[in-house]
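Dear colleague,

Please find below the sequence and structure that I am handing over to you. My findings follow directly after it.

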Amino acid sequence: MNIITVKDAQEGGHKAFEIFKDELANNAQVFGLATGSTPITLYEDLVASDLDFSHKISINLDEYVGLAPDNPQSYHYFMQQHLFNKKPFAVSYLPDGLAKDADAETARYDEVIAGNPIDLQILGIGRNGHIGFNEPGSPLAGKTHKVPLTQSTIDANARFFENGEDVPRFAYSMGIGSILTAKHILLMAYGENKADAIKAMIEGPVTTHVPASALQNHNNVTVIVDEAAASKLS
Ligand code: F6R
């Protein structure tokens, strides 16, 4: 793994932007994208740039089951707000939260990934080492699947919904195996609360207990960490 330590998320966004730009210069066609707070500084730099994605393809990692694309809590909506409204791609794939048949939807998404090999995959990491919605215990070679959300995620999301029943209980997520098919993986992590996960991902054994540790098995991984997230590395 190529580890780049930066001062803060702002500088991390700039570094990630340079990597994105280099990939475009190398004719990358397909970009794997993530939601969450971590990639926001990268997306800000992309939006402020003169880069053009109108002939490129994006594939997002995950989406909540049951949420429509125009629901402000959906990952579709997040991507529109933070990137796609300003920088549209030719095609942007996300799992369809409203799909009637979960098996058909996960199979469709696997076909999307197989048909559009990802050149650069952007990742954040959870405090417990999750990537996408692949929580500890997920198979390291898994494909797209429907995941039950942990009670802590359900509780954390509850404040965004008027009705308890509307809080998503499941999500669709690319599997760890799907993520590992990307040619280049760029994982970013900022803040002290990511330090244990970063240490386990880089220095610990490859184990289903730390989903991100599977990245040790990939030959082209770049990790951008701020000093706080890097603070437990030896
Ligand atoms: C988001 C995703 C998640 C996040 C992770 C970190 O699409 O797949 O794995 O990357 O939960 O979230 P933040 O960046 O909010 O700390």
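Two residues are taken to be in contact if their C-beta atoms, placed from the backbone, lie within 7 Å. On that basis, among the contacts in the protein chain with a separation of 6 or more, 80% are between residues 24 or more positions apart. Please bear in mind throughout that this is a predicted model.

Overall architecture

The protein chain has seven helices and 10 strands. Its C-alpha atoms fill a box of roughly 45 × 40 × 35 Å along the principal axes. The radius of gyration is 17 Å, which agrees with the value near 17 Å for a compact globule because the chain has 234 residues. Of these 234 residues, 42% are buried.

UniProt, in an unreviewed entry, lists residues 30-222 as "domain: Glucosamine/galactosamine-6-phosphate isomerase". The end C-alpha atoms of that span lie 17 Å apart, and the span is 28% helix and 18% strand.

Annotated active site and ligand

The feature "active site" is placed by UniProt, again in an unreviewed entry, at Asp62, Asn128, His130 and Glu135. Asn128 is located in the loop between β6 (120-123) and β7 (145-148), and His130 is in the loop between β6 and β7 as well.

Are these two residues buried or exposed? His130 has 22 other C-beta atoms within 10 Å and is therefore buried, the cut-off for burial being 20 or more. Asn128 has 16 such atoms within 10 Å, so Asn128 is partly exposed. Leaving aside neighbours within four places in sequence, Asn128 is in contact with Glu135, Pro136 and Ala197.

As for the ligand, 13 residues surround it, the closest being Thr35, Gly36, Ser37, Thr38 and Gly124. The shell divides into four nonpolar residues, eight polar and one charged.

Nonpolar core

In soluble globular proteins, nonpolar side chains tend to be buried together. The largest nonpolar core here has 60 residues, of which Leu187 and Ile198 touch the most other members. Apart from neighbours within four places in sequence, Ile198 is in contact with Ala189, Val225, Ala229, Ala230 and Leu233.

Two further positions

Asp45 belongs to helix α2 (residues 40-48). With 19 C-beta neighbours inside 10 Å, Asp45 counts as partly exposed, because burial requires 20 or more. Beyond neighbours within four places in sequence, Asp45 is in contact with Gly13, His14 and Phe17. Asp45 and Ala16 are 29 residues apart in sequence, and their C-alpha atoms are 9.1 Å apart in space.

Which backbone angle of Asn27 deserves a remark? Asn27 has a positive phi of about 75 degrees, although it is not a glycine. Most residues other than glycine have a negative phi. Asn27 is found in the loop between α1 (9-25) and β2 (30-33). Having 7 other C-beta atoms within 10 Å, Asn27 is exposed, since the limit for that class is 12 or fewer.

With kind regards

How values were computed. Residues numbered from 1 in each chain as written. Predicted model: local features only at pLDDT ≥ 70, side-chain atom pairs only at ≥ 80, totals over all residues. UniProt positions renumbered as here; feature names shortened; annotations may be inferred. Helix = DSSP H or I, 4+ residues; strand = E, 2+ residues; numbered from the N terminus. Rg over C-alpha atoms; globule rule 2.2 N^0.38 Å. Near = placed C-beta within 6 Å. Nonpolar A, V, L, I, M, F, W, Y, C, P; charged D, E, K, R; others polar. Core = buried A, V, L, I, M, F, W, Y, C linked by C-beta atoms within 7 Å.
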